[in-house]
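Please look at the sequence and the structure shown next, and then follow the report below, which takes the helices, the core and some individual side chains in turn.

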Amino acid sequence: MPIEHHPLHREFPEYIPLMRQLHTSDEEFRVMFEEYHRLDTKIYNIDEDITPAADHYAEDLKKRRVHLKDMLYQKLVNAEKD
């Protein structure tokens, strides 16, 4: 079974236009967005055995990705209200 990335456009397809807008207008969003995608790529590479890593390291990365995803989602919801 192939392992999939978790890019934000797949996680929140309804917010794609807003993500594009915030990526250019909100520095905090852009930094978190880019970190999320870096983490997602690292996790994918670990899960696919492209990059070796200890289990606890991979779990820490996944926890950070979830935390960023939650923060990004909150920014999207709040921006949508404005």
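This is a predicted model: local features need pLDDT of at least 70, side-chain atom pairs count only at pLDDT 80 or more; totals for chains, interfaces and linings use all residues.

## Helix α3 and its partners

The residues concerned are Phe29, Met32, Phe33, Tyr36, Leu39, Asp40, Ile43 and Ile46, which are buried in α3. Seen down the axis of α3, these buried residues fall within an arc of 150°, so they line one face of the helix.

Helix α3 itself runs over residues 27-47, and its 21 residues reach 30 Å from the first C-alpha to the last, close to the 30 Å expected at 1.5 Å a residue. At the start of α3, the backbone nitrogen of glutamate 28 has a side-chain oxygen of aspartate 26 within 3.0 Å.

## After α3: aspartate 49

Aspartate 49 follows α3, and its place is in the loop between α3 and α4. Its phi is near 60°, a positive value in a residue other than glycine. With a relative accessible area of 70%, aspartate 49 is exposed, because the threshold for that class is over 50%.

## Helix α2

Which residues of α2 are buried? They are Leu18, Met19 and Leu22, and they cover an arc of only 100° around the axis, which puts them on the same side of α2. On the other side of α2, by contrast, Pro17, Arg20 and Thr24 are exposed. The buried residues of α2 pack against α1, α3 and α4.

## The largest nonpolar core

The largest nonpolar core has 19 residues, and among these Leu8, Tyr15, Met19, Phe29, Leu72 and Leu76 touch the most other members. Helices α2, α3 and α4 each supply at least two residues of this core, and α3 gives the most to it, with seven residues. As a general background, nonpolar side chains in soluble globular proteins tend to be buried together.

Leucine 72, one of the core residues with the most contacts to other members, touches Leu8, Phe29, Met32, Phe33 and Tyr36, when residues up to four places away in sequence are not counted.

## Aromatic pairs

How many aromatic pairs does the structure hold? There are four aromatic pairs. Phenylalanine 12 and tyrosine 15 form one that is edge-to-face, with 6.4 Å centre to centre and 80° between the planes. Both phenylalanine 12 and tyrosine 15 are buried, and ring pairs link Phe12, Tyr15 and Tyr73 into a cluster.

## Glutamate 11

Glutamate 11 lies in helix α1 and is partly exposed, with a relative accessible area of 24%. This value falls in the partly exposed class because buried means under 20% and exposed over 50%.

Leaving aside residues up to four places away in sequence, glutamate 11 touches His6, Tyr36 and Lys69. With lysine 69, the side chain of glutamate 11 makes a polar contact of 2.4 Å. Lysine 63 is 52 residues from glutamate 11 along the chain, and the C-alpha atoms of these two residues are separated by 16 Å.

Technical notes
Residues are numbered from 1 along each chain as its sequence is written. Side-chain values use heavy atoms; hydrogens and water are left out. Helices (H or I, at least four residues) and strands (E, at least two) are DSSP runs, numbered from the N terminus. The expected span of a helix is 1.5 Å times one less than its number of residues. Buried means under 20% relative accessible area, exposed over 50%, partly exposed in between (1.4 Å probe, protein chains only). The arc is that of the directions from the helix axis to the C-beta atoms. A polar contact is a pair of N or O atoms within 3.5 Å; within protein, one must be able to donate a hydrogen and the other to accept it, and residues adjacent in sequence count only if both atoms are side-chain atoms. A nonpolar core is a set of buried Ala, Val, Leu, Ile, Met, Phe, Trp, Tyr and Cys residues joined through side-chain atoms within 4.5 Å. Contact means heavy atoms within 4.5 Å. Rings of Phe, Tyr and Trp (its six-membered ring) pair if their centres lie within 6.5 Å; planes under 30 degrees apart count as stacked, over 60 as edge-to-face and the rest as tilted.
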